[in-house]
Amino acid sequence: MMLQKVPLISSSTRDTASLCDVEQVMSLLCLYPKPTLTAHPGPILAPGESLSLRCQGPIYGMTFALMRLEDLKKPYYYKKPIKNEAYFYFQALKTQDTGHYLCFYYDGSYRGSLLSDILKIWVTDTFPKTWLLVQPSPVIQMGQNVSLRCGGLMDGVGLALHKKGEEKPLQFLDATSNTGNNSFFLKNVTYRDAGVYSCHYYLTWKTSIKMATYNTVELMVVGK
């Protein structure tokens, strides 16, 4: 990838702000709408695997730039677009590539866009441990509801609830739901719900990352 430092807003852009109406000026000097930044195959990969970050905006013909919050003092990557998007490639990821990325685009006069939402990229060979907590108690009366709260140090990845003896996960939480405080629910429990439960990270893409250990909890169901 080529590296070049490019100003986000030029003096000519500031001059054009006077041509905008008040509402536009309040929207950061008439900046273009923010793009979206996505990771393919996913935002969590192992060292040595390849990653592409796609920055996509609503306007054709713009130049796109990628930044990493941990390296704001360094030059950032920029690319000419393919239609209204650009791809930034990492052929062999390193653990140092872990970080918070964002992108923007700009026109020929360096009038830029709003920044994209921040995308967290993890490069690791082992997932951190997950934990599972039963609420209100691991001993529950039949007919009551149970919350199985699952969590871990890694966000932006799905979670799956497993029960010992079952081949497939019982429930899923997708990546957008995983914000560090996630719960699975068992309603109107019966004796069949008793057993040993665990929580695992769940990925929708292939990676060689090893699954770490996890804790288990035993749910006991008693009569009223």
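Reply: Let us begin with V146, which is buried because its relative accessible area is 1%, where buried means under 20%, exposed over 50% and partly exposed in between, with a 1.4 Å probe and protein chains only. This is a predicted model, in which local features need pLDDT of at least 70 and side-chain atom pairs count only at pLDDT 80 or more, while totals for chains, interfaces and linings use all residues. Residues are numbered from 1 along each chain as its sequence is written, and side-chain values use heavy atoms, with hydrogens and water left out.

Me: Where is V146 found, and what does V146 touch?
Reply: V146 is found in strand 11; helices (H or I, at least four residues) and strands (E, at least two) are DSSP runs, numbered from the N terminus. Not counting residues up to four places away in sequence, V146 touches V134, Q135, I140, F184, F185, L186, V189 and L219, where contact means heavy atoms within 4.5 Å.

Me: And how many residues apart in sequence are V146 and F184?
Reply: They are 38 residues apart in sequence, and their C-alpha atoms are 8.4 Å apart in space.

Me: What about the core, which residues have the most contacts inside it?
Reply: In the largest nonpolar core, which has 47 residues, those with the most contacts are L53 and L148. A nonpolar core is a set of buried Ala, Val, Leu, Ile, Met, Phe, Trp, Tyr and Cys residues joined through side-chain atoms within 4.5 Å. Strand 8 gives the most to this core, with 4 residues. As background, in soluble globular proteins nonpolar side chains tend to be buried together.

Me: What is L148 in contact with?
Reply: Leaving aside neighbours within four places in sequence, L148 is in contact with L132, L133, V134, L161, N182, S183, F184, L186 and Y197.

Me: Now the backbone. Which peptide bonds are cis?
Reply: A cis peptide bond joins H40 and P41, with omega about 10°, and P41 has its place in the loop between strand 1 (36-40) and strand 2 (44-45). The bond from Q135 to P136 is also cis, with omega near 10°, and P136 lies in the loop between strand 9 (130-135) and strand 10 (139-141).

Me: What is the phi of K83, and of Y110?
Reply: K83 has a positive phi of about 65° although K83 is not a glycine; this residue is in the loop between strand 5 (77-79) and strand 6 (85-90) and, at 59% relative accessibility, counts as exposed. Y110, also not a glycine, has a positive phi near 65°; Y110 sits in the loop between strand 7 (99-106) and strand 8 (119-123) and is partly exposed, with a relative accessible area of 33%.

Me: Last topic, the chain as a whole: how many helices and strands?
Reply: The chain has 2 helices and 16 strands, and buried residues make up 40% of its 224 residues. Among contacts between residues at least 6 apart in sequence, 68% join residues at least 24 apart.
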